Amino acid sequence: MLHDPGSYAPPVILEEINLTESEKTILRRLGQEFAGIAALPVHKEKVRLWTRMNDLKSERPMVWINEIPWHEMNVNDELTIRTTNPWAREFEQKLRREIYQWKHMPGDMIFNDYIECPLAIHSTDFGIVENVDIVRTDEKSDIYSRHFNVQIKEPEDIEKIKMPRITHYEKTTEVVFDTMNELFKDIIPVKKVGQTHIWFTPWDYLIRWWGVEEAMVDLIMRPDMVNAAVERMTGAWISELDQFVEQNLLSLDNNNTRIGSGGYGYTSELPGKEYDPARIKPNNMWGCSNAQILVQVSSEMHWEFALKHEMRWLEKWGLTYYGRSEEHTSELQSRQSI
């Protein structure tokens with residue numbers, strides 16, 4: 001996730017990664033298992049089927065399980081982290097979870113024939129994070145009940161929303177890339193991957209800062225203020241996207257990248273005709289948006305307080321995914337010109 005409305009993540013800057021021989025052995029064994037799964041011929045057929053679905057020529061429903069309660073899954077110790085280095089622990093967890101899912105609930109899951117090395121990209125975010133009171137029923141779960149303490153009360157509070165600044169910590173990227181290449185040089189290729197699919201959801205953020213009831217009342221009582229806030233959020237995301245383009249930090253997502261809240265991004269329509277593999281642009285990628293909290297408002301209000309603003313974002317992309325998950329209709333994957 002590029003942003004988390006509940007917290008601010010400081011940049012991770014690595015000068016070096018010192019792994020013990022035991023840690024190297026653990027990661028290499030997981031890499032070998034990953035490579036073995038990736039080499040299975042079934043992935044080619046799954047790619048074909050996902051592509052057919054996103055080209056609107058579906059042959060059968062596609063199944064992919066995500067948003068898994070991982071804290072409940074470690075029944076047989078398969079997910080136990082055995083490394084101690086902080087970078088290694090995070091990477092080990094990622095590998096173990098992907099391998100675990102393949103073994104126990106793969107559906108139409110697809111493994112790449114390479115290991116991803118994410119570019120060390122950091123965003124300063126929007127200058128405001130949620131202020132909440134929480135109640136937990138399970139201390140190990142990331143899901144809990146929240147009461148949002150209102151931070152946007154008056155029109156001038158909209159100025160609390162700041163324009164993000166993007167930085168690529170190139171040295172950190174190279175440190176990680178070199179480490180991964182050394183680990184997997186005779187096992188599986190390592191590929192640098194920049195910012196892929198962006199989950200553009202202004203309303204998911206605004207209600208956490210505004211308050212759910214307060215925001216819904218203000219649709220009627222203070223519509224100009226609501227429109228100003230959505231427009232500022234849209235402008236902030238576009239400002240960030242412009243920086244990704246300027247710094248050449250985007251990567252394609254017509255692959256096994258999760259698109260919206262749905263499935264993979266495979267499609268024959270991307271990256272499109274205007275494509276330079278050395279410089280990915282938004283028109284080569286999937287766009288996305290939703291306005292889940294507006295599920296109960298009229299179509300006119302949905303246009304006024306969501307889509308009218310979102311179109312500034314959506315028109316930049318090759319294809320668009322749009323969905324509100326609480327609706328009683330299917331989420332949409334719609335076509336734009338490429």
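Here are a few friendly notes on this predicted model.

1. Ground rules. Residues are numbered from 1 along each chain as its sequence is written, and side-chain values use heavy atoms, leaving out hydrogens and water. In this predicted model, local features need pLDDT of at least 70 and side-chain atom pairs count only at pLDDT 80 or more, while totals for chains, interfaces and linings use all residues.

2. Confidence. The chain has a mean pLDDT (the predictor's confidence in each residue, from 0 to 100) of 92, and 94% of its residues reach 70 or more. Over residues 326-338 the pLDDT is below 50, although this stretch has 41 contacts (heavy atoms within 4.5 Å) beyond near neighbours in sequence. Where pLDDT is low, the predicted coordinates should not be read in detail.

3. A helix pair. Helices here are DSSP runs of H or I, at least four residues, numbered from the N terminus. The axes (lines fitted to C-alpha atoms over the stretch in contact) of α1 (residues 21-38) and α3 (residues 86-104) come within 10 Å and cross at roughly 35 degrees, on a scale from 0 to 180 degrees between N-to-C directions. Residues making the contact include Leu-30 and Phe-34 of α1, and Phe-91 and Trp-102 of α3.

4. The cores. A nonpolar core is a set of buried (under 20% relative accessible area, 1.4 Å probe, protein chains only) Ala, Val, Leu, Ile, Met, Phe, Trp, Tyr and Cys residues joined through side-chain atoms within 4.5 Å. In the largest, of 40 residues, Trp-203, Leu-206, Trp-209 and Trp-313 touch the most other members. Helix α7 gives the most to this core, with eleven residues. Apart from it lies another core of 34 residues, among them Leu-30 and Tyr-264.

Technical notes: Helix = DSSP H or I, 4+ residues; strand = E, 2+ residues; numbered from the N terminus. Buried < 20%, exposed > 50% of the residue type's maximum accessible area, 1.4 Å probe, protein only.
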